[in-house]
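User: I'm new to this one. Can you walk me through it, step by step?

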Amino acid sequence: MYVVQIASEAAPVAKVGGLADVIMGLSAELTRKGHDVVTLIPKYNCLTGTFQIQEILPHFSSYFQGSLHDNSSWQAAINKDFTLTFLDSHHSKRFFQRGAIYGFPDDIDRFLYFSRACLDYLSQSSRTPDIIHIHDWQMGALALLLQEENFKKRFPKTRVILTIHNMEYQGRSAESHLDEIGYTGERKEIRHADTKDINLLKAGILFSDAVTTVSPTYAKEVLTEEGAKGLLDVMLKSKDKFSGILNGLDVNYWNPETDPLIPYHYSAANCESKEKNKWQLYSELGMQRRDDMPLLVSITRLVPQKGVELIRHALERSLELGLQFILLGSAPDPRIQDEFLELSHTYASHPTVRILLQNDEALAHKLFAASDLFIIPSIFEPCGLTQMIAMRYGSVPIVRKTGGLADTVFDVELSGRPFHETNGFTFDAPTKAGIDSALTRAFLLWKTNQKSWQELMTQGMKTDCSWNKPSEKYVELYKSFSI
Ligand code: ADP
């Protein structure tokens, strides 16, 4: 099939969170399975990493605010299974030359521009996609634009799939923004609640041929008042075309046997070198080497969804119990940033704790490899990738049982599964008591029964988190539309 993936992020070059990992992993797996995949993202001026990029189309026009604007397209082979196509906008507002992916007052305009530019780009090609797979609110307008006569004529058989990676972010904007991209159709249905604003995620949900989210449990949660974040009506209305498909991991990229970003390689069969990663990290960070203390790590965007207060509590509890603790976090909200900055100063030269406030892909890899335990106390979690990465790197996850965390982490005692089918620790309520119980159980197992701990760790490493099965589910969905 000819599948076009369109998103605002793609790992490893334009990454803010899990969306980026998904775009890379799913695109690569579909390519490996023999599909023809084109993956489109904006050509930001803050792309990271080293790769060769080459212009493939020096000029194409796209419509915005009543006139045509010049763009170009570029391509880079990120690895043997993953090629990215970048659309560069030459608009005077320099939509993608801002030094960051999100966080600007005109983010709505930026992604509306990109949505329209993608369709104008695909329109001028001689080929027609079978599937356009769009992701999150940023691309919602694309489904809407495909209702326009000119695009309907150009893409009569193309079907659109929307994947919702997080229901919390919806892209609300004034209705007039739709004029900018030349949308002439009905607007009433896509209004946000009782306001005059429109909601781009809602537009995507209503006008896509199928809608998915990133885990089966989250798919159930978003059909409830609390999980739907104000979109329950539209979710219920779209129930028949909605499903949950669990995310996978790009297991070639996240591989402790070959990962170029970690100092010592290891595998489930040969784990001895894992520990050396910890000692090296401690020496780099100036922390004490304590053989009697396990290392607990958290790597996260510090936003309310992730249970920031609970992460703070995990630090305090670690100090009481006797675990070493490292947080690698990035906080877009200045209040949260300030709170954790203070904490980072408090522990700046502590022998067993570090609070590192930055977004650092290479350091994240080292932390996955170095850690014994990994904590994710999310209030809600659509899928969550860090628990899967942690497992693959032999770090045992401690998670709140919600969304995709509930679909991937099975508690040693509470899951009701035999020990050999478990891989971590879970707790139900997003409370300090919840963390305490799971963290204490994990710590005691590490301390008193290393044999079982090693087994648990290996079970996690052997869990199949790859895109192999999830990608088949997407292909099944794509094929269900074949005309
Ligand atoms: P979300 O998409 O909600 O942020 P996920 O668990 O799905 O959460 O994905 C998070 C991804 O971002 C993982 O690859 C994780 O390693 C990475 N990540 C999160 N915070 C940081 C950080 N501060 N530095 C480096 N990588 C980070």
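**The sheet and its helices**

Analyst: Start with an open sheet of 6 strands, in the order E14-E13-E12-E15-E16-E17, with parallel pairing. Strands are DSSP runs (E, at least two residues), helices are runs of H or I of at least four residues, and both are numbered from the N terminus. Two strands pair if DSSP finds at least two bridges between them.

User: Which strands stand at the edges?
Analyst: Strand E14 (353-357) and strand E17 (425-427). Each has a single partner strand, so one side of each is left without a neighbour in the sheet. The twist averages 15° from one strand to the next.

User: Before I go on, what am I looking at?
Analyst: This is a predicted model: local features need pLDDT of at least 70, side-chain atom pairs count only at pLDDT 80 or more, and totals for chains, interfaces and linings use all residues. Residues are numbered from 1 along each chain as its sequence is written, and side-chain values use heavy atoms, with hydrogens and water left out.

User: How many bridges join E16 to E17?
Analyst: 3, and the two strands run parallel. E16 covers residues 396-400. Ile 398 has Phe 425 of E17 as its bridge partner.

User: What does helix H10 touch?
Analyst: H10 (residues 308-321) packs on the sheet and touches strands E12 (295-301), E13 (324-330), E14 and E15 (373-376). Touching, or contact, means heavy atoms within 4.5 Å. H10 makes about 165° with the direction of E13. Such angles run from 0 to 180 degrees between N-to-C directions, with axes fitted to C-alpha atoms, for helices over the stretch in contact.

User: And where does H11 lie?
Analyst: Helix H11 (residues 334-346) lies across E13 and E14, at about 145° to E14.

User: Back to E17. Is Thr 426 buried or exposed?
Analyst: Thr 426 is found in E17. Its relative accessibility is 5%, so Thr 426 counts as buried. The scale is relative accessible area: buried is under 20%, exposed over 50%, partly exposed in between (1.4 Å probe, protein chains only).

User: Which residues is Thr 426 in contact with?
Analyst: Leaving aside neighbours within four places in sequence, they include Val 399, Asp 411 and Arg 441.

User: New topic. How many residues of strand E2 are buried?
Analyst: 6 of the 7 in E2 (residues 36-42), so E2 is largely enclosed by the rest of the structure. Strand E1 (residues 2-6) pairs with E2 in the parallel sense, over 5 bridges. Val 4 stands opposite Val 38 in E2.
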